[in-house]
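Please keep the sequence and the coordinates in view while reading.

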Amino acid sequence: MSKIVEYNSEKEDVINSFKKGEVIAIPTETVYGLAIVYDNFQAYEKLNKIKRRPPKQPYSLMLGSVNEIEKFAFLNDDAKKIVQNILPGQLTIILKGKDNLPSWAKNETDGSIGIRIPSTLLTRQIINDLGKPLLVPSANRHGQAPINNETELENEFANEVTYIIKKNEVMTQTPTTILQAYDKIKILREGKIKKADIENVIGRKLER
């Protein structure tokens, strides 16, 4: 049965659960996510089963610091400007992943990876306490709306998620902006961060 907890009161058990490959619901500034440690294939298979998601659709890699990005992905000059000026924040930036990422974490077609640095302090604390990135899709079954109520999460994922971490900040429920930032800069989905915001950072208009 899932357990709804305050993170700091159950920190050690939560971190140990991640290390054992368990799935944990964590809050972000947008929606709740279902999180696993990024390099555990058994946890990845478990998450796929919970999400009921079609195969070969990689999950976003969530990091605790902007400084961690170049450990896992390549940044060109434009991408460096974007991450330095916009992250942490409501942006998923798609980059070419490095070879140290597990194959299941990357898009098998072009080796890309979506990376998130959430602005929520609690989320980054969890990642930094663990010492490893997380793979974090939204907390829902494939094709359904994200669940952002802790009791509803408990009901939906009762025997599949070990912990549900209580949120301590307001969620916007606005999806992140998704930005391709390799080869060329291209907005794939516009959220709170707008096209003009990206253009202001890189100093030019984006291609349509």
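Eleven salt bridges are found in the structure, a salt bridge being a side-chain nitrogen of Lys or Arg within 4 Å of a carboxyl oxygen of Asp or Glu. The model is a predicted one, in which local features need pLDDT of at least 70 and side-chain atom pairs count only at pLDDT 80 or more, while totals for chains, interfaces and linings use all residues. Residues are numbered from 1 along each chain as its sequence is written, and side-chain values use heavy atoms, with hydrogens and water left out.

One of the salt bridges pairs Asp129 with Lys11, with the closest N and O atoms 3.9 Å apart. Because Asp129 belongs to helix α5 (residues 121-130) and Lys11 to helix α1 (residues 11-19), this pair ties together parts that are 118 residues apart in sequence. Helices (H or I, at least four residues) and strands (E, at least two) are DSSP runs, numbered from the N terminus. Asp129 is partly exposed, at a relative accessible area of 35%, and Lys11 is partly exposed at 32%; here buried means under 20% relative accessible area, exposed over 50%, and partly exposed in between (1.4 Å probe, protein chains only).

A salt bridge also forms between Lys20 and Glu22, whose closest N and O atoms are 4.0 Å apart. Lys20 counts as exposed, with 61% relative accessibility, whereas Glu22 is buried at 19%.

Glu160 and Arg141 meet through their side chains in a further salt bridge, at 2.8 Å from N to O. This pair links distant parts of the chain, 19 residues apart: Glu160 sits in the loop between α6 (150-156) and β8 (163-165), and Arg141 in the loop between β7 and α6. Glu160 is partly exposed, with a relative accessible area of 29%, while Arg141 is buried at 5% relative accessibility.

Ten strands form an open sheet with mixed pairing, in the order β1-β8-β2-β3-β7-β4-β6-β5-β9-β10; two strands pair if DSSP finds at least two bridges between them. Its edge strands, β1 (3-5) and β10 (184-189), each pair on one side only. Within the sheet, β3 (residues 32-37) and β7 (residues 134-135) run antiparallel and are joined by two bridges. Ile36 has Leu135 as its bridge partner in β7. Helix α2 (residues 41-51) packs on the sheet and touches β3 and β7, contact meaning heavy atoms within 4.5 Å. The direction of α2 makes about 155° with that of β3, where axes are lines fitted to C-alpha atoms, for helices over the stretch in contact, and angles run from 0 to 180 degrees between N-to-C directions.
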